Amino acid sequence: MFMDYLKEMECKESNDHRRCVFVPGPVIVGAGPSGLAVAACLKQRGIPSVVLERSNCVASLWQLKSYDRLRLHLPKQFCELPLMHFPQNFPTYPTKQQFVSYLENYATKFEINPLFSECVERAEFDSSIGFWRVRSVGMGKNGEERRCEFVCRWLVVATGENAEAVVPKIRGMEEFSGPIVHTSSYKSGDAFGGKKVLVVGCGNSGMEVCLDLCNYNASPSLVVRDAVHVLPREVLGNSTFGLSMWLLKWFPVRFVDTFLLIVCRILIGDTSKLGLVRPSIGPLELKNSAGKTPVLDVGTLDRIKNGDIKVVPGIQRLTQKTVEFVDGEKENFDAIILATGYKSNVPSWLKEREMFSEKDGLPRRPFPNGWKGESGLYAVGFTKRGLLGASMDARQIADDIERCWKAEAKNFSNLSRPFTS
């Protein structure tokens, strides 16, 4: 049946200009850290894969859509990919440039060569042949449009939770005369020196953009609509994240949350006095239940305490130069930066509704079961469903695929046709 399908597709290639490519191993969608990690682990086991990436580089979120001062928010030992350590001379919190160089060297070391500018339009499991059909549109060497259908036994979704920028609709946006930019387009505060800037969103990005604006002599205000947990990045010289993970080995989540909140009161004080009200449940329990990540402070709180950053409530509407807040106050601003996060784009191309939620594009089930769906479908790089994430470790995915790879590879090794751009 499968051979008949390939012959049928070969006949159609000349008619619809879509080339059919059989992939003996998995197709991995996304060349970010998670996609690279899975490809490397498969390579170590002798299993070939094809990595499809819609942009022109690995780790496109880091390279193309992040601000210049960005560093890893967690210590490097928690961010290493399998099989390759960070260079010893890297600091505890590597810079954006250092992390990108690490990922590029990782791809080189394991000879991972993604197909760049390859945008997946549709992926669905064809039960009649027992394989996934992944349709993509790419660009050839001469800039011509190239359409392909990749046929594979396994499909790894590695596009993550940050595929598309979330841009909220604010009443009067079209009237505002100044620039309104998402953090995906923000590089530094250099263009905003001496200006009044409103930053919408109080997550890690919003907090850090405010700090960056201060360093360029701008006057930022931070919109805080919801309760938020702000934690010190380190406690007595140790990573707060690392300490939390260690405590969770011995104590329940609520105990660790209580410990963290006591530490916050001692080191940070009552953040509600700054306009930053804490949620009613602890930071880890909130992450576990709602996927909301606590903010790790890198110096923003001190600037708020000093009055360099003003905390304001939600926005009611915008006019030409003025922002009206929900409390009735009005203030003029020169620019608005939207630190409103990202969302998954999986529902737009993956035609499967059991494993992934159509509402938010995340795996439905919490860790440890949310990583694997039916018919050879895997998820990696998703962390919002549960404390440890809803995605499976790259090594585990490679191990799971390896279990049936050797037997199936014998049947299909002669069908592989090399891909050429």
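Glu111 is found in the loop between helix 4 and strand 4 (119-126), where helices (H or I, at least four residues) and strands (E, at least two) are DSSP runs numbered from the N terminus. Phi of Glu111 is near 55°, a positive value in a residue other than glycine. Glu111 counts as exposed because its relative accessibility is 55%; buried means under 20% relative accessible area, exposed over 50% and partly exposed in between (1.4 Å probe, protein chains only). The model is a predicted one, in which local features need pLDDT of at least 70 and side-chain atom pairs count only at pLDDT 80 or more, while totals for chains, interfaces and linings use all residues. Residues are numbered from 1 along each chain as its sequence is written, and side-chain values use heavy atoms, with hydrogens and water left out.

Asn217 also has a positive phi, of about 65°, although it is not a glycine. Its place is in the loop between helix 5 (204-215) and strand 11 (219-223). With a relative accessible area of 64%, Asn217 is exposed.

Aromatic contacts were assigned from ring geometry. A pair of aromatic rings is described by the distance of the centres and the angle of the planes. Rings of Phe, Tyr and Trp (its six-membered ring) pair if their centres lie within 6.5 Å; planes under 30 degrees apart count as stacked, over 60 as edge-to-face and the rest as tilted. The count by this rule comes to 14 aromatic pairs. For Phe99 and Tyr102, the ring centres are 6.3 Å apart and the planes are at 20°, so the pair is stacked. Both residues lie in helix 4 (residues 96-109), three residues apart, about one turn of the helix, and both are buried. Phe99 and Tyr102 also belong to a cluster linked by ring pairs, together with Trp62, Phe86, Phe90, Tyr106 and Phe110.

Charges over rings form a further group of contacts. A charge sits over a ring if NZ of Lys or CZ of Arg is within 6 Å of the ring centre and within 35 degrees of the ring normal. Arg233 lies over the face of Tyr93, at 3.8 Å from the ring centre. Lys196 lies over the face of Phe333, at 5.2 Å from the ring centre.

Side chains of opposite charge can pair when their charged atoms come close. A salt bridge is taken as a side-chain nitrogen of Lys or Arg within 4 Å of a carboxyl oxygen of Asp or Glu, and a search of the whole structure finds 19 of them. One joins Arg69 to Glu208, with the closest N and O atoms 3.1 Å apart. This pair links distant parts of the chain: Arg69 is in the loop between helix 3 (60-64) and helix 4, and Glu208 is in helix 5, 139 residues apart. Arg69 counts as partly exposed at 27% relative accessibility, whereas Glu208 counts as buried at 4%.

The side chains of Arg317 and Glu175 meet in another salt bridge (3.0 Å, N to O). Here too distant parts of the chain are linked, with Arg317 in strand 17 and Glu175 in the loop between strand 8 (164-165) and strand 9 (180-182), 142 residues apart. Arg317 is buried at 17% relative accessibility, and Glu175 is partly exposed at 38%. Strand 17 (residues 315-318) runs antiparallel to strand 18 (residues 322-325), to which three bridges join it; two strands pair if DSSP finds at least two bridges between them. The two strands form a hairpin with three residues between them, and Leu318 stands opposite Val323 in strand 18.

Within helix 10 (residues 394-412), Asp400 and Arg403 lie three residues apart, about one turn of the helix. Their salt bridge has its closest N and O atoms 2.7 Å apart. Asp400 is buried, with a relative accessible area of 11%, whereas Arg403 is exposed, at 65%. Asp126, Arg133, Arg135 and Glu149 are linked in a network of salt bridges.

On the surface, Trp246, Trp250, Phe251 and Phe255 form a nonpolar patch with about 490 Å² of accessible area together. Patches are made of residues with over 30% relative accessible area and no salt bridge, like charges being joined within 9 Å and nonpolar side chains (Val, Leu, Ile, Met, Phe, Trp, Tyr) within 5 Å. Accessible areas come from the Shrake-Rupley method with a 1.4 Å probe; for residues, only the protein chains shown count as cover. Trp250 is found in the loop between helix 6 (240-248) and helix 7 (253-267) and counts as exposed at 60% relative accessibility. Leu260 lies in helix 7 and is buried, with a relative accessible area of 3%.
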